[in-house]
Amino acid sequence: MKVNLAYGQGYMPIELPDGRTTVIEPTHNPGLPEEKKAVMAALASPIGTKPLRDWIKKGDRICIAFTDLTRATPNERLIPWLLEHLALAGVSREQILLLNQIGTHRPNTEEELERLLTAEIVRDYRVINHEPENPDALVQFGTMRDGTPALINRHLAEADVRIITGFIEPHFFAGFSGGIKGIIPGCGGLHSIVSNHGFKNIGDPRATFGVTIGNPLWEELRDVALRVGPSFLLNVSLNEERKITGVFAGDIIEAHRTGYEFVRRSAMQKVKSPFEIVVTTNSGYPLDLNLYQAVKGMSAGARILEKGGLLIMACECREGIPPKSPLEKLLHSAKSPEEILAMLSTPGFVRPEQWQAQIQALIQRQAEVLIYSSLPESIVRSAFLTSCSDIAAVVRQRLEKLGPNARVAVLPQGPLTIPYLA
């Protein structure tokens, strides 16, 4: 059978044995026929709170937090519609600041911001990147559970009205994206994020896809985000064509809950038993920009992989690990995934982005992991991975070796689908 894997800004077709291949995808939700109308209606009749217009008084400072280049949020549509709604409510451009939720990621360039928001918005509005390592750009709201200061972007914290935008998809250790994640980690201080994403929380079995309540990592993020004060949420859900399938606006907790339950019904797919081989992706561009993000697709596939099985990841990684990132430095400081885990479990050892290395290493304890990408072989080896140049050929060879009862599962949309064992 022919399967189209999401890869880069398109699809990569592969041929896999019919009768032994199970394709696992989200239940299709059609795009909304009138996206803009749906967004405007949601802003006027939000979930769990008053309409957005009623949040705003004359002269209020408004901060709109939007997702960065690594997220598939349709910012180029969503943000102009939101700004139009605010203009109709009498808000001037000078009252508005657009804040990029980069979390611990790199700042986005002006050209990238223009692609995200449109050139007109970057020209006409104040648009800035969050600064997670700049003490002057952060305000403290109590502490994290381990005593680390809980730091949030000053512009967001001091705004009279906070509007948090983004999209909702399953998340490999925070349950679902969107919601309070737009405040922290999106606009949180580096040390606060590192504390929350530490070895203990990441290793907790409740810190996984589809779990919020009871997830210690998500619950801590929620508690810190709520200390900042009320925030208005504008989140959307998307289908595999990046069309908006739902709009969830209002109270940051209630609207997000409504949104992630909607996403859960399409994204979570039950399977009867584990597979010997799983082929997965990182849902294509922009999530497959780098190896840092690729761990999400690995995590989705590993959920239904037999212990000792083969996991093949298709992820373009046009930006590398990325180079000179904290993750690259951490990977290069060790000789194996087991050494990574040993370092991370050492009391007092803390590094930015260690959570990605930890999750990758835990997957590699259970599985052989190959990657099909644009990465040079030297970079693949430095990340303790093995290159795969022909996914279909490797699958055929492994099935022949395993015998007639072996099966392969394919997640063409990667972590947009979250399979789980019955």
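Modeller: Here is a conversation about this chain, going from the whole to single residues.

Colleague: What kind of model is this, and what should I keep in mind?

Modeller: This is a predicted model, where local features need pLDDT of at least 70 and side-chain atom pairs count only at pLDDT 80 or more, while totals for chains, interfaces and linings use all residues. Residues are numbered from 1 along each chain as its sequence is written, and side-chain values use heavy atoms, with hydrogens and water left out.

Colleague: How many helices and strands does the chain have, and what makes a stretch count as one?

Modeller: There are 15 helices and 20 strands. Both are DSSP runs numbered from the N terminus: a helix is H or I with at least four residues, and a strand is E with at least two.

Colleague: Why does the radius of gyration agree with a compact globule?

Modeller: The rule for a globule is 2.2 Å times the number of residues to the power 0.38, and the radius is taken over C-alpha atoms. For 422 residues a compact globule would come near 22 Å, and the chain has 21 Å, so the two agree. The C-alpha atoms fill a box of roughly 70 × 50 × 40 Å along the principal axes.

Colleague: What share of the residues is buried?

Modeller: Buried residues make up 61% of the 422. The word means under 20% relative accessible area, while exposed means over 50% and partly exposed lies in between (1.4 Å probe, protein chains only).

Colleague: What share of the contacts links residues 24 or more positions apart?

Modeller: Among contacts with a separation of 6 or more, 75% are of that kind. A contact means heavy atoms within 4.5 Å.

Colleague: How do you know that β1 and β2 are paired?

Modeller: Two strands pair if DSSP finds at least two bridges between them. Strand β1 (residues 2–7) and strand β2 (residues 10–15) have six bridges, in the antiparallel sense, so they meet that rule.

Colleague: What makes β3 and β18 edge strands?

Modeller: Six strands form an open sheet in the order β3-β19-β15-β16-β17-β18, with parallel pairing. β3 (21–23) and β18 (386–387) each have a single partner strand, so one side of each is left without a neighbour in the sheet. Strand β17 (residues 368–372) is joined to β18 by two bridges, and L370 stands opposite T386 in β18.

Colleague: Why is L97 called buried?

Modeller: L97 has a relative accessible area of 9%, and the limit is under 20%, so L97 is buried. This residue is in strand β5 (residues 96–101). Leaving aside neighbours within four places in sequence, L97 is in contact with I62, C63, I64, R126, I128 and H155. L97 and I64 are 33 residues apart along the chain, yet their C-alpha atoms are separated by 6.2 Å.

Colleague: What about N100: buried or exposed?

Modeller: N100 is at 0% relative accessibility, so N100 counts as buried. N100 is also in β5. Beyond residues up to four places away in sequence, N100 touches F66, T67, D68, N108, L113, I128, N129 and H130.

Colleague: Why is R242 called partly exposed?

Modeller: R242 has 23% relative accessibility, which falls between the 20% and 50% limits, so R242 counts as partly exposed. R242 is in the loop between β12 (232–238) and β13 (244–251).

Colleague: Which peptide bonds are cis?

Modeller: One joins I184 and P185, with omega about 15 degrees. Another joins Y285 and P286, with omega about 5 degrees. P286 lies in the loop between β15 (275–281) and α10 (291–302).
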